[in-house]
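This report looks at side chains that pack against one another. Keep the sequence and the model in view while reading.

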Amino acid sequence: MNKGAVSGSFIEKLFYHKKIIALLLTVNSIMFFSTGCQSPTGMAMVAIEGSEDVPVQMTVFANQSKTSYLQMCTLYNIAWRSSAVQMSALFNVTRHNYFQLNALWNWAHASGTQICGLFNIADESTLQIGCIMNWTNRGNVQLGGVISNYAKRSIDYQLGVIWNYSRIPNVQMCGILNWAHTAGLQLALVNKSRHVLSQIGIYNHAKRANFQLGLVNVNKDGWLPWTFLINIYIPSDNDSEVSTWDEMESLESDW
């Protein structure tokens, strides 16, 4: 009986101490939420710094600062000016970054690497890896956008599943549709570009394509307006009517 009493007393004491610890953590989280300070041990629930530069933010729920080297949490990170590394579950937002890792949404003005389960958005990007959609104004590489890889102005490489679009891509590879204004290489079931060096697919369509390989090839300035299997562009005697590559890249696109 004494042993049971001692055991019960020990459990009661342990439960009592757990309540004290939980109370302290709650007070700690409220203090950090209201004052915007970061815990040296990374135990804060929320870290909000609206006008401060914080080297490291590691909290349970959310981080916000003007600049930061590292932000890690379960919900979201916001760095209004820049953050070298951001990792969270819901979304990451910053103007300049080197690395963003997220399950839902990454946004940056100028981005190094973005890896996300749903959407990557950046005005200028180096590498975007997304499961649903990658969007950029100018970029180097877009990989894995199941719905689309979209580069409004230019991109070096696009590898997608359903649809790739860029005004001036170097290489587009996709399962269904590649769409461009002036392209280097397009490889998909359907390829469409005003001007392109090479198209390989089932249906290829261009105003001027140097080389097309596919079941149906439409090449308005080509050797023939359309052909089966192969079509090429043969320079005409009046090449002055044909825009150069630099001139085509400077054109404004309505696409």
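The model is predicted: local features need pLDDT of at least 70, side-chain atom pairs count only at pLDDT 80 or more, and totals for chains, interfaces and linings use all residues. Residues are numbered from 1 along each chain as its sequence is written, and side-chain values use heavy atoms, with hydrogens and water left out.

How many aromatic pairs does a search of the whole structure find? There are seven. Rings of Phe, Tyr and Trp (its six-membered ring) pair if their centres lie within 6.5 Å; planes under 30 degrees apart count as stacked, over 60 as edge-to-face and the rest as tilted. Phe 91 and Trp 105 form a tilted pair because their ring centres are 5.5 Å apart and their planes are at 45°. This pair links distant parts of the chain, 14 residues apart: Phe 91 is in strand S5 (residues 91-102) and Trp 105 in strand S6 (residues 105-116). Strands (E, at least two residues) are DSSP runs, numbered from the N terminus. Ring pairs also join Trp 135, Tyr 150, Trp 163 and Tyr 165 into a cluster.

Charges sit over two rings, as the table shows. The criterion is NZ of Lys or CZ of Arg within 6 Å of the ring centre and within 35 degrees of the ring normal.

| Charged residue | Ring | Distance from ring centre |
|---|---|---|
| Lys 192 | Trp 179 | 5.9 Å |
| Arg 208 | Tyr 233 | 5.1 Å |

Conventions
Helix = DSSP H or I, 4+ residues; strand = E, 2+ residues; numbered from the N terminus.
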